[in-house]
Amino acid sequence: LFTFLYSLLFTSKENKKYLINIGLLFTVFSDISLVLIRPMNQSTGMTTFLITQICYFLYLYFNTDNSKSKNIHLITRITLNLLTIIITIIVLKKKTDYLSIISMLYYINLIINVIVAFTKTKKSILLPLGLLLFLCCDTLIGIREAAGVYLNISETSLLYKMAYSSFNFPWVFYIPSQVIITLSLTENHKIHKHYSIFFCS
């Protein structure tokens with residue numbers, strides 16, 4: 001919530017930065033559904049998380065100058081989303097449900113956003129780093145939620161041990177990810193030094 005409120009200091013139509021603000025807002029909705037509410041509402045939480053990734057996709061898409069690159073990006077994303085749905089249904093079969101499909105769509109869009117963001121490090125180094133940490137967090141949470149329900153994952157694997165460790169590894173990645181994504185809005189901003197130093201402290 002604090003990262004979203006802080007991001008409002010940098011709301012701007014310039015370079016479609018407001019899409020990052022909207023993404024952070026839907027992240028708040030997701031955390032309410034998945035963290036604060038008991039029992040958690042996973043379907044709602046994952047739907048709003050998908051909307052967050054769509055916002056970040058649109059931000060990356062509109063900040064691509066080359067029209068050919070934009071077309072490749074769009075076609076690739078649509079194709080991978082369709083393949084993700086098909087593969088999810090093939091793998092899970094009768095276990096396929098709304099939550100599994102929406103979660104996999106969220107995950108594939110997050111992966112694509114990480115890759116695309118890293119191709120734009122000249123414009124922003126913080127956004128790809130924030131998204132990468134976001135991916136690390138959700139990979140561990142995904143393993144925890146899918147193990148024994150959708151997938152059989154070896155208990156001896158490193159990822160399984162991290163996901164089920166008494167130490168909260170997902171939050172180690174998640175909290176910095178949201179801070180860094182928010183700070184990406186301040187890159188090249190005239191009041192960057194003042195507010196970013198305050199926020200980090």
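This is a predicted model: local features need pLDDT of at least 70, side-chain atom pairs count only at pLDDT 80 or more; totals for chains, interfaces and linings use all residues.
Me: Is cysteine 137 buried or exposed?

Reply: Cysteine 137 is buried, its relative accessible area being 2%, where buried stands for under 20% relative accessible area, exposed for over 50% and partly exposed for what lies in between (1.4 Å probe, protein chains only). Cysteine 55 also counts as buried, at 7% relative accessibility. Taking the protein as a whole, 41% of its 201 residues count as buried.

Me: How many helices and strands does the secondary structure come to?

Reply: There are nine helices and zero strands, so that the order of elements from the N terminus reads α-α-α-α-α-α-α-α-α (helices are DSSP runs of H or I with at least four residues, strands are runs of E with at least two, and both are numbered from the N terminus). To take a residue inside one of these elements, threonine 88 is found in helix H4, residues 67-92, and with 7% relative accessibility it counts as buried. Threonine 88 and leucine 105 are 17 residues apart in sequence, and their C-alpha atoms are 9.5 Å apart in space.

Me: How many aromatic pairs does a search of the whole structure find?

Reply: Such a search finds nine aromatic pairs, counted when rings of Phe, Tyr and Trp (its six-membered ring) have centres within 6.5 Å; planes under 30 degrees apart are called stacked, over 60 edge-to-face, and the rest tilted. Phenylalanine 26 and phenylalanine 29 are an edge-to-face pair because their ring centres are 5.4 Å apart and their planes stand at 90°. These two phenylalanines are three residues apart in helix H2 (residues 18-36), which means that about one helical turn separates them. Elsewhere, ring pairs join Phe49, Tyr106, Phe134, Trp171 and Tyr174 into a cluster.

Me: Which ring does the charged end of lysine 16 sit over?

Reply: The charged end of lysine 16 sits over the ring of phenylalanine 62, 5.4 Å from the ring centre; the test requires NZ of Lys or CZ of Arg within 6 Å of the centre and within 35 degrees of the ring normal. Lysine 70 lies over the face of tyrosine 61, at 4.9 Å from the ring centre.

Me: Which residues make the nonpolar surface patch?

Reply: Phe29, Ile32, Val35, Leu36, Ile37, Trp171 and Ile175 make this patch of about 600 Å². H2 and helix H8 (169-183) are the elements that give two or more residues to it, and H2 supplies the largest share, four residues. Phenylalanine 29 is partly exposed, with a relative accessible area of 35%. Tryptophan 171, which is found in helix H8, likewise counts as partly exposed, at 33%.

Me: How many salt bridges does a search of the whole structure find?

Reply: Side chains of opposite charge can pair when their charged atoms come close. The criterion is a side-chain nitrogen of Lys or Arg within 4 Å of a carboxyl oxygen of Asp or Glu, and the search finds one salt bridge. Aspartate 65 forms it with lysine 123, the closest N and O atoms being 3.4 Å apart. The pair links distant parts of the chain, 58 residues apart, with aspartate 65 in the loop between helix H3 (42-62) and H4, and lysine 123 in the loop between helix H5 (98-118) and helix H6 (126-146). Aspartate 65 is exposed, at 69% relative accessible area, whereas lysine 123 counts as partly exposed, at 43%.

Me: Where is lysine 93 placed, and what is its phi near?

Reply: Lysine 93 is in the loop between H4 and H5, and its phi is near 55°, a positive value in a residue other than glycine. At 63% relative accessibility, lysine 93 counts as exposed. Another backbone feature concerns proline 39, in the loop between H2 and H3, where the peptide bond from arginine 38 to proline 39 is cis, with omega near 0°.

Key
Residues are numbered from 1 along each chain as its sequence is written. Side-chain values use heavy atoms; hydrogens and water are left out. Patches are made of residues with over 30% relative accessible area and no salt bridge: like charges are joined within 9 Å, nonpolar side chains (Val, Leu, Ile, Met, Phe, Trp, Tyr) within 5 Å. Accessible areas come from the Shrake-Rupley method with a 1.4 Å probe; for residues, only the protein chains shown count as cover.
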